[in-house]
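Try each task yourself before you read its solution.

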Amino acid sequence: MKFIVSSSDLLRNLQILGSILNTNNTLPILDNFLFDIDNNDLIITSSDLETSLSSKISIESSIKIKVAVPAKLLIDILKSLPDQPLTFSMDNNILEINSNNGKYALSFMNGDEFPKSIIVEDASEISFNSKTLLNIINSTIFASGNDDLRPVMSGVFFQIDSEKSCFVATDAHKLVKYIRNDIKSNQAIEFIVPNKPLNILKSILPEKKSDVKVLYNRTNAIFIFSNFTLICRLIDGKFPNYEAVIPKENPNVLEIDRIQLLNSTKRSSIFSSKTTNQVKFEIKGNLLQISAEDLDFNNKAEETLECNYNGEDIAIGFNSRFIIEMLNNLSSDSIKIELSSPNRAGLISPVDQNDDNEDITMLVMPIMLS
């Protein structure tokens, strides 16, 4: 029993599938890739029980078999080989790989022992443009949490209805609300996708426009595009009422060049306390003074930027890491910061949206000034 496959095609797919694998799997079989060979189609699957990813590759074969192949060993040998056709032969639980210059043997397991793929019963369906879905993930996932005690925050909330769609992520210190006016559904949709599958999608979604079909029910979702199928378990629970934490009255509004503010915050943060990462924004007239201080080491930085400001003089503290993350994930030339008081959240949003179909609001909680 044998099949022939391109080494570069196989390695490229295995490296993507390897992102699913955990280093401390409870089941030894999960340290393997499942090879499901059906004549000229090879479907490779990796899984951690919560998330599984499959890809389909064309091969030369006339066999039907399922085998579980050690993941790390296979990737390591393929990395060291130049691009060439490889012949895989199977006999007595030994997989032999024949290349132009040598042969390598490794043991495999029965593919029937590999966990069965989740079947999404009574599934509903919605489609995304791949580029749009990539924008949704990039714009929100950095704000999601990773606290095991609050699992509903360790993902992105998808909320779609007949008027618009809304995608929200928060870790209780920062929040991103991303609205799309071009994604709608006659049926109200709400589910929370965990961070891990979203990070995998972020790395493999094609940037050129193509369709991503999403099948979902109350517990699971399947993302299907190009030669990949990703299945993940959805987060069970009710997402926090995000609208309640977004302040509605923000009379103090500042507009400023995004890159200038980003670079100034980065420089100032070098001198901030490593415990709080605090930077102070002090706005008087049309000047924004950004300062940071580490009292333990007598380190201090202060910069002044010109801005357009309408409101009362105000001084407010923020975690510089959050400000930098948010500014890095916006693309507009100018941004708007809306404030009400030093102890209430600030809102950051682009002045000019690059896409008429999107609307993005970022919320950051203040730090009490020391």
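**Exercise 1. Contacts along the chain**

Task: Find what share of the contacts with a separation of 6 or more joins residues 24 or more positions apart.

Solution: Keep the contacts in the chain with a separation of 6 or more, then pick out those between residues 24 or more positions apart; these account for 65%. Bear in mind that this is a predicted model. For background, the chain has six helices and 27 strands, and 50% of its 370 residues count as buried. Its C-alpha trace spans about 80 × 55 × 35 Å along the principal axes.

**Exercise 2. The nonpolar cores**

Task: Name the residues that touch the most other members of the largest nonpolar core.

Solution: Begin with the 96 residues of this core. The ones touching the most other members are Leu10, Leu14, Phe35, Phe128, Phe223, Leu261 and Phe281. Next, look at a second, separate core, which has 15 residues, among them Cys166, Ile179, Phe239 and Leu347. As a general rule, nonpolar side chains in soluble globular proteins tend to be buried together.

Now zoom in on Phe281. Beyond its neighbours within four places in sequence, its contacts include Leu261, Thr265, Ile290, Phe318 and Ile337.

**Exercise 3. Helices H1 and H2**

Task: Describe how helix H1 and helix H2 cross, and which residues make the contact.

Solution: Two packed helices are described by the angle between their axes and the distance between the axes.

- Step one: H1 covers residues 7-17 and H2 covers residues 71-79; their axes come within 10 Å and cross at roughly 135°.
- Step two: angles over 145 degrees would count as roughly antiparallel and 65 to 115 as roughly perpendicular, so H1 and H2 are oblique to each other.
- Step three: the crossing of H1 past H2 is left-handed.
- Step four: H1 brings Leu10, Leu11, Leu14 and Gln15 to the contact, while H2 brings Leu74, Ile75, Leu78 and Lys79.
- Step five: sorted by class, these are six nonpolar, one polar and one charged residues.

**Exercise 4. Helices H3 and H4**

Task: Repeat the analysis for helix H3 and helix H4.

Solution: Here the angle is about 125°, and the axes of H3 (residues 130-140) and H4 (residues 195-204) lie 10 Å apart. That angle makes H3 oblique to H4. H3 also passes H4 in a left-handed crossing. Leu134, Ile137 and Asn138 of H3 meet Leu198, Leu201 and Lys202 of H4. The class count is four nonpolar, one polar and one charged residues.

**Exercise 5. Positive phi**

Task: Where are Asp122 and Asn298 found, and are they buried or exposed?

Solution: Most residues other than glycine have a negative phi. Asp122, however, has a positive phi near 50°, and Asn298 has one of about 60°. Asp122 is in the loop between strand S10 (109-110) and strand S11 (124-129). Asn298 is in the loop between strand S21 (287-294) and strand S22 (299-306). For the last step, the cut-off for exposed is over 50% relative accessible area. Asp122 has 78%, so it is exposed; Asn298 has 72%, so it is exposed.

**Exercise 6. A strand residue**

Task: Is Asp211 buried or exposed, and what does it touch?

Solution: Asp211 is in strand S16 (residues 211-216). Its relative accessibility is 61%, so Asp211 counts as exposed. Not counting residues up to four places away in sequence, Asp211 touches Phe128, Ile224 and Phe225.

Terms used:
Residues are numbered from 1 along each chain as its sequence is written. This is a predicted model: local features need pLDDT of at least 70, side-chain atom pairs count only at pLDDT 80 or more; totals for chains, interfaces and linings use all residues. Side-chain values use heavy atoms; hydrogens and water are left out. A nonpolar core is a set of buried Ala, Val, Leu, Ile, Met, Phe, Trp, Tyr and Cys residues joined through side-chain atoms within 4.5 Å. Buried means under 20% relative accessible area, exposed over 50%, partly exposed in between (1.4 Å probe, protein chains only). Contact means heavy atoms within 4.5 Å. Axes are lines fitted to C-alpha atoms, for helices over the stretch in contact, and angles run from 0 to 180 degrees between N-to-C directions. Helices (H or I, at least four residues) and strands (E, at least two) are DSSP runs, numbered from the N terminus. Angles under 35 degrees count as roughly parallel, over 145 as roughly antiparallel, 65 to 115 as roughly perpendicular and the rest as oblique. A crossing is left-handed if the near helix is turned anticlockwise from the far one by less than a right angle, and right-handed if clockwise. Ala, Val, Leu, Ile, Met, Phe, Trp, Tyr, Cys and Pro count as nonpolar, Asp, Glu, Lys and Arg as charged, and the others, Gly among them, as polar.
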